[in-house]
Amino acid sequence: MNGMRLRALLWLTLAVVLAIAAAVQFAGPLPLQSNLLALLPPTERNPVAEHAVSRLAEAAGDRAIFLIGRPKADTLELGKAARDFGAQLRASEVFRSVVDEIPPFDPQQLARFYFPYRFNLLGDGDRAASSDLVERLQRKLYTPFQFGPGYPLADDPFGFGDAWLAGLPLKTLRLETQDGLLVARSGGNVWAMVSAVLPGSAYDGSIQTRVAAAVAGAEARLKQDFPGLEVLRTGTVFYAGAARQSAEREVDFIGAGSLLGMLLLLYLVFRSLRPLGLGLLSVGFGVAAAATVTVAVHGELHLITLVFGASLIGEAIDYAVQYFAAHLGAGNGWEPMAGLRRIAPGLLTALATSLLSYAALMLAPFPALSQIALFALVGLSAACASVFLLLPWLLKAPGKRDPEAAVALPRRFLVGWKKHVGRRACLTAAAALLALSAPGWSRLASNDDVRILISRPPALVAQEEKIRELTGFGNSSQFFLVEGKTPEEVLHNEERLLEKLAPLAGDDDKSVLSGYLGVSMFVPSANRQAHNRQRWERSVFADERRLRELLSDASLRDELAERMIEDFANSNSRVLSVDDWFQSPLSTPFRHLWLGKVAGNGAGQFAAIVQPQGIRDVGRLAELSGALDGVTFVDKAGSVSRLFQEYRQWGIVWLLGALVLIYGVLCLRYGPAQAAFMLLPTALALAVVLGAFGYMATPLTLFNLMGFMLVVGVGVNYAIFLREGGVNAAATLAGVLLSAGTTLLSFGLLAFSSMPALSSFGLTLLLGICVAVLLAPMVLSFAPEASR
């Protein structure tokens with residue numbers, strides 16, 4: 001008794017330490033992560049590219065966009081509705097700022113900013129072709145009206161400045177101003193835009209809740225005051241909130257479903273409440289330890305890990321179930337430590353195989369899978385430790401149920417198996433299963449799309465697509481990264497890129513893209529400014545007498561020519577820089593394009609972003625960047641998908657490696673020949689599931705292969721338990737069936753997850769474990785006579 005008491009005290013000490021650690025870890029808000037980027041690995045070889053991806057995600061992630069309208073909406077009514085909607089959002093005090101009206105824009109503000117640098121600037125057309133000054137002057141003189149920003153005749157008699165201003169990419173979106181509103185038009189319909197900036201991260205659960213409540217209230221009020229108006233919305237906060245709610249529902253469904261099913265199965269087999277309570281204690285200790293250690297190591301818990309953790313209940317209780325089965329089979333002869341010693345080799349071997357399988361998950365380069373692996377490693381180890389340390393002390397008394405009656409059905413099954421199923425029958429069945437599965441293998445397809453990681457609500461996706469169509473908002477996950485040792489080198493490299501993109505851009509279907517946006521379109525490199533100035537000098541100021549005559553013939557005052565000549569001379573040392581541009585509020589919508597000084601491949605590295613718009617051929621853009629120094633085409637989704645493909649292709653090697661490791665562990669216990677027979681049911685399960693996927697046209701993903709890893713670890717456990725119990729230990733078979741039932745309940749429910757990755761994972765485990773447990777009795781037919 002002293003030994004059992006010491007074990008129980010050790011468990012109690014560990015539980016107290018765990019409780020203190022958990023209290024510290026979870027004292028504040030639950031560190032639950034719903035950010036997809038946190039789930040993905042660093043796929044770009046260039047660390048600056050990863051920084052750029054994060055920068056763009058942050059720029060887009062802290063905003064919510066709303067469009068308000070309806071077919072044939074009255075403009076005045078629409079304006080009042082948009083302003084009322086914005087006022088409702090503002091009154092909620094949830095957002096840092098809400099913009100429903102834009103201040104009047106003075107086009108001349110733009111002209112005034114560039115005026116001191118006008119002799120360094122030329123539009124693409126003026127730089128490429130020679131200019132007829134007489135024709136340009138006549139056009140400027142006789143153009144009655146000028147739309148947009150421009151210069152008066154006295155400041156820009158030849159229209160070079162007007163041409164530069166007209167070429168600026170200010171209207172990259174399909175938005176325009178009307179009565180102080182920012183509106184989008186489509187087919188005669190008008191939509192008013194309202195935007196809001198979040199007070200913090202879109203992945204903060206409290207912000208998601210408050211934003212959802214504020215938006216719901218504003219929409220309800222809008223529909224009450226303006227019946228028939230429609231509100232479209234998009235933003236990271238809405239997707240993150242939907243993902244969190246979905247995960248919470250699934251945790252409740254999977255956790256409650258597996259727990260209730262597990263308790264029901266325990267009661268049906270053992271007809272006692274004590275195993276229920278002790279099983280819950282063992283599982284609770286394991287899950288609590290797993291969550292605490294995972295947060296301590298990673299600093300957060302991802303949604304996908306949380307949902308997986310709810311499903312771990314069914315596997316974590318397996319060790320306690322085997323102890324309960326031993327207790328049931330012993331009847332009145334029960335002795336706690338003797339029962340533990342009898343099942344200990346099987347429990348430790350089963351734990352080792354499971355840990356090896358989960359450890360293989362840690363080799364995958366995905367943070368979420370590393371979290372899942374750590375969660376499982378700690379949870380299973382802690383649950384198993386509870387069996388060795390605590391259960392002998394709490395389960396001292398013999399069971400009251402007649403063991404013969406409790407295991408009568410499993411005993412009859414084992415007797416029948418021993419009588420009718422021999423080695424030849426098992427080998428024949430194995431050959432038949434392989435023959436049936438083989439045609440399915442040839443039909444297997446794959447899916448490496450990164451979107452299998454998430455499930456985006458169709459309603460939100462439809463609204464986002466409509467907003468993109470109406471406004472012209474592009475995809476921020478695909479862009480060019482331009483680098484250089486100095487800002488000047490960055491601008492020069494970017495100009496070379498834009499020269500290559502220009503002939504590829506257009507509105508027709510044959511064009512590679514519809515447009516692009518970069519800093520050098522607003523701030524030319526110093527080298528280009530110098531060339532532009534030389535062009536000015538050759539075309540305008542090389543012959544000052546001719547310049548005076550041209551302006552005089554146009555009846556312009558003589559001092560105009562003298563002032564131009566003087567201004568040109570005085571501006572010789574004046575160069576427009578990125579810093580100058582940043583000091584102007586006009587740069588605000590485009591500042592995310594300049595990354596500035598970054599920690600990259602070399603010291604003092606600078607970088608910028610060029611955003612392509614309306615991409616129709618990603619491959620051409622990637623090919624283009626490969627031919628330019630300092631330019632990288634970044635496609636985060638494409639990079640992750642390619643990584644998925646690479647690791648899926650390597651998955652067979654991982655799987656074989658896991659089988660070899662587990663075979664090595666089994667050899668230590670059973671010898672080489674018997675270890676091979678112990679692996680046979682699990683190997684057949686893998687073959688059957690692969691064939692089933694082929695027949696069902698279910699594409700194979702990386703997460704299916706991760707599921708196969710666990711099928712190997714968990715499936716072998718059943719063979720181990722049966723072999724350790726022997727043919728005469730019918731209670732062992734009852735425990736195996738109970739363990740399989742609880743595992744199928746928990747992992748099987750993952751197949752119904754809304755997250756495609758978890759669904760694939762769960763379907764693999766559901767089919768694989770089911771086949772593995774049905775074939776597990778094969779090990780009894782191959783066992784030596786002495787152990788039967």
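Which residues are buried in H4? In this predicted model, where local features need pLDDT of at least 70, side-chain atom pairs count only at pLDDT 80 or more, and totals for chains, interfaces and linings use all residues, the buried ones (under 20% relative accessible area with a 1.4 Å probe, protein chains only, against over 50% for exposed and in between for partly exposed) are Leu-78, Gly-79, Ala-81, Ala-82, Phe-85, Gly-86 and Leu-89. They lie on the same side of H4, because they cover an arc of only 165° around the axis, taken from the directions from the helix axis to the C-beta atoms. On the other side of H4, Leu-76 and Ala-91 are exposed. Residues are numbered from 1 along each chain as its sequence is written, and side-chain values use heavy atoms, with hydrogens and water left out.

Helices (H or I, at least four residues) and strands (E, at least two) are DSSP runs numbered from the N terminus. The buried residues of H4 pack, by contacts between heavy atoms within 4.5 Å, against several elements, including those tabulated here.

| Element | Residues |
|---|---|
| strand S2 | 63-69 |
| strand S5 | 181-186 |
| helix H9 | 205-225 |

Just after H4, Glu-93 takes a positive phi of about 60°.

A nonpolar core is a set of buried Ala, Val, Leu, Ile, Met, Phe, Trp, Tyr and Cys residues joined through side-chain atoms within 4.5 Å. The largest has 108 residues, and Leu-266 and Leu-666 have the most contacts inside it; helix H30 (residues 702-725) supplies its largest share, 16 residues. A second, separate core of 50 residues includes Phe-480 and Phe-606.
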